[in-house]
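Reader: I'd like to learn how to read helix packing and sheets in a model like this one. Could you take me through it?

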Amino acid sequence: MTAAATRYLYLVRHGEATPDESGLTENGRRQATLLGRRLADLPLSAVHHGPLPRAEQTAHLIGDKLENVPLHRSELAGDYVPHIPERDELPPESADFFLRFIAGADEEDRKHGPALARRALERFTGPVDGEEDRHELVVTHNFLVAWLVRDAMYAPEWRWLGLNHGNAALTVIRYAPGRPAAVLLSNDMRHLPADLRWTGFPPELHI
């Protein structure tokens, strides 16, 4: 029997993006750098990041603060719609709201997003083979963070909708052998000063 060890998955939404999403704002660069400093002492084995500039730039700024941690570009960490629910999956009182939200998903999203989401679960979740625990960072987008948190909470597939994550906030999920997944940390922004917190959230959620 192959030995199994614990995976610690660190999830980060990219730093604040420019209006055209071609990269990071100055605030976004500061957010990424400060997060890199926070993560510097962790035994990370890899940083995975999506292919879009805002995720790639965030990952590289974090990587600048890490020592000999390889960065891997992956479409699985990209920006895509992970699941498109039917009306009967949704709570009746909020079905119209959520269906309007995802109405803009194009054919590419509808065809490829769910397949990428399934592959992301296979790649990034669950205990790992071997005897050593593994610590991995995924720098991605709000939808994938929500999808992975939803899965760790054993919530229905539609429940990625409505989960909001701040720019450069940190979420940590533990996958231990023989135990359910556990969300150890969610949307933690303690590494950011007040003026850099809450970017990426809808205005009504700013505290």
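Reader: Let's start with helices: which residues in H1 meet Thr58, Leu61 and Ile62 in H2?

Author: A word on the ground rules before I answer. This is a predicted model, where local features need pLDDT of at least 70, side-chain atom pairs count only at pLDDT 80 or more, and totals for chains, interfaces and linings use all residues. Residues are numbered from 1 along each chain as its sequence is written, and side-chain values use heavy atoms, with hydrogens and water left out. Helices (H or I, at least four residues) and strands (E, at least two) are DSSP runs, numbered from the N terminus. Contact means heavy atoms within 4.5 Å. On the H1 side, Arg29, Ala32, Thr33, Leu35, Gly36 and Leu39 meet those three residues of H2. By class, that contact has 5 nonpolar, 3 polar and 1 charged residues (Ala, Val, Leu, Ile, Met, Phe, Trp, Tyr, Cys and Pro count as nonpolar, Asp, Glu, Lys and Arg as charged, and the others, Gly among them, as polar).

Reader: At what angle do H1 and H2 pack?

Author: Two packed helices are described by the angle between their axes and the distance between the axes. Here H1 (residues 26-39) and H2 (residues 53-63) pack at about 40 degrees, with axes 7 Å apart. Axes are lines fitted to C-alpha atoms, for helices over the stretch in contact, and angles run from 0 to 180 degrees between N-to-C directions. H1 and H2 are therefore oblique to each other (under 35 degrees is roughly parallel, over 145 roughly antiparallel, 65 to 115 roughly perpendicular, the rest oblique).

Reader: And how do H4 and H5 pack?

Author: H4 (residues 107-124) and H5 (residues 142-152) pack at about 60 degrees, with their axes 11 Å apart. That makes H4 oblique to H5. In this contact, Ala117, Ala120 and Leu121 of H4 meet Leu144, Trp147, Leu148, Arg150 and Asp151 of H5. The residues split into 6 nonpolar, no polar and 2 charged.

Reader: Is H5 mostly covered or mostly open?

Author: Mostly covered: 9 of the 11 residues in H5 are buried (buried is under 20% relative accessible area, exposed over 50%, partly exposed in between, with a 1.4 Å probe and protein chains only). Among them are Val145, Trp147 and Arg150. The cover over the buried residues of H5 includes E2, H4, E6, E7 and E8.

Reader: Which pair shows the parallel sense?

Author: E3 (residues 46-49) and E6 (residues 134-140) pair in the parallel sense over 4 bridges, and Val47 stands opposite Leu137 in E6.

Reader: What does E7 pair with in the antiparallel sense?

Author: E2 (residues 7-13) pairs with E7 over 6 antiparallel bridges, with Leu11 opposite Thr171. E7 also runs antiparallel to E8 (residues 182-188), joined by 4 bridges, and Leu170 has Asp188 as its bridge partner. In the hairpin of E7 and E8, Gly178 takes a positive phi near 75 degrees.

Conventions: Pairing = 2+ DSSP bridges.
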